[in-house]
Amino acid sequence: MIEEFLLEDHESLAALLEDLSFALERRDVLRAFDLLDRFWARLAVHIRAENVCLFPAILNAPAQLFIAENGLPELNEVRAVIARLRNDHNFFMDDLARTLKIMRGLLSVEHHDDQGQQIESVVLRISAVACRLKEHNKLEEERVYSWPKIVLTAGELARLSDALSFELRNLPTRLLQTPE
């Protein structure tokens, strides 16, 4: 159940990122801004769910469970993987915030002399985020998302599933509306 929630969210975010890339290719600044804002906010919700629910549940599991016989790396490696994922989370949020600032600038001036350069800057930033996100998601999907079912009890898994579900559905009101 936990893996399914998170995998579905990855797929939804990937589709949003693809729509954003198409809007940028068409130089549709208004649509690209809306999609970028939605992607940034949705990714923030996903990151919050992992940082607040998933990662602590894994890290608070009994250390003696993190052994090769259980199909897990040692606890030090688990900590290092989660630290890497958190570092990625910070990169995504910071870089997307900077990109949103550029996009706001593009929206605030009607005839911008360097609009083409700024759009290209946004395209490059989004491309960098997409590339790093692909590797990030692969690490989560192939390793981290399976760990809870190994180290948590049935009750703990149910509580984690409920908490993740709540966090992933706890979207800002503006995201509940469908973009045009």
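Apart from neighbours within four places in sequence, Val 122 is in contact with Leu 24, Thr 99, Ile 102 and Met 103. The model examined here is predicted. Val 122 belongs to helix H4. Its relative accessible area is 1%. Buried residues are those under 20%, so Val 122, at 1%, counts as buried. Val 122 and Leu 96 lie 26 residues apart in sequence, and their C-alpha atoms are 9.4 Å apart in space.

Rolling a probe the size of a water molecule over the atoms shows where empty space is left. One cavity of 30 Å³ or more was counted. The largest cavity has a volume of about 40 Å³.

H2 gives the most, with four residues. The lining of the largest cavity includes the histidines His 10, His 46, His 89 and His 136. Leu 13, Leu 43, Leu 133 and Ile 47 also line the largest cavity, as do Glu 50 and Asn 137. By class, this lining has four nonpolar, five polar and one charged residues.

Terms used:
Residues are numbered from 1 along each chain as its sequence is written. This is a predicted model: local features need pLDDT of at least 70, side-chain atom pairs count only at pLDDT 80 or more; totals for chains, interfaces and linings use all residues. Side-chain values use heavy atoms; hydrogens and water are left out. On a 1 Å grid over the protein atoms alone, a cavity is a set of points where a 1.4 Å probe fits but cannot get out, and a pocket is an open set with protein on both sides within 12 Å along at least five of seven lines; lining residues have an atom within 4 Å of a point. Grid points are joined across faces, edges and corners, and a volume is the space filled by probe spheres set on the points. Helices (H or I, at least four residues) and strands (E, at least two) are DSSP runs, numbered from the N terminus. Ala, Val, Leu, Ile, Met, Phe, Trp, Tyr, Cys and Pro count as nonpolar, Asp, Glu, Lys and Arg as charged, and the others, Gly among them, as polar. Buried means under 20% relative accessible area, exposed over 50%, partly exposed in between (1.4 Å probe, protein chains only). Contact means heavy atoms within 4.5 Å.
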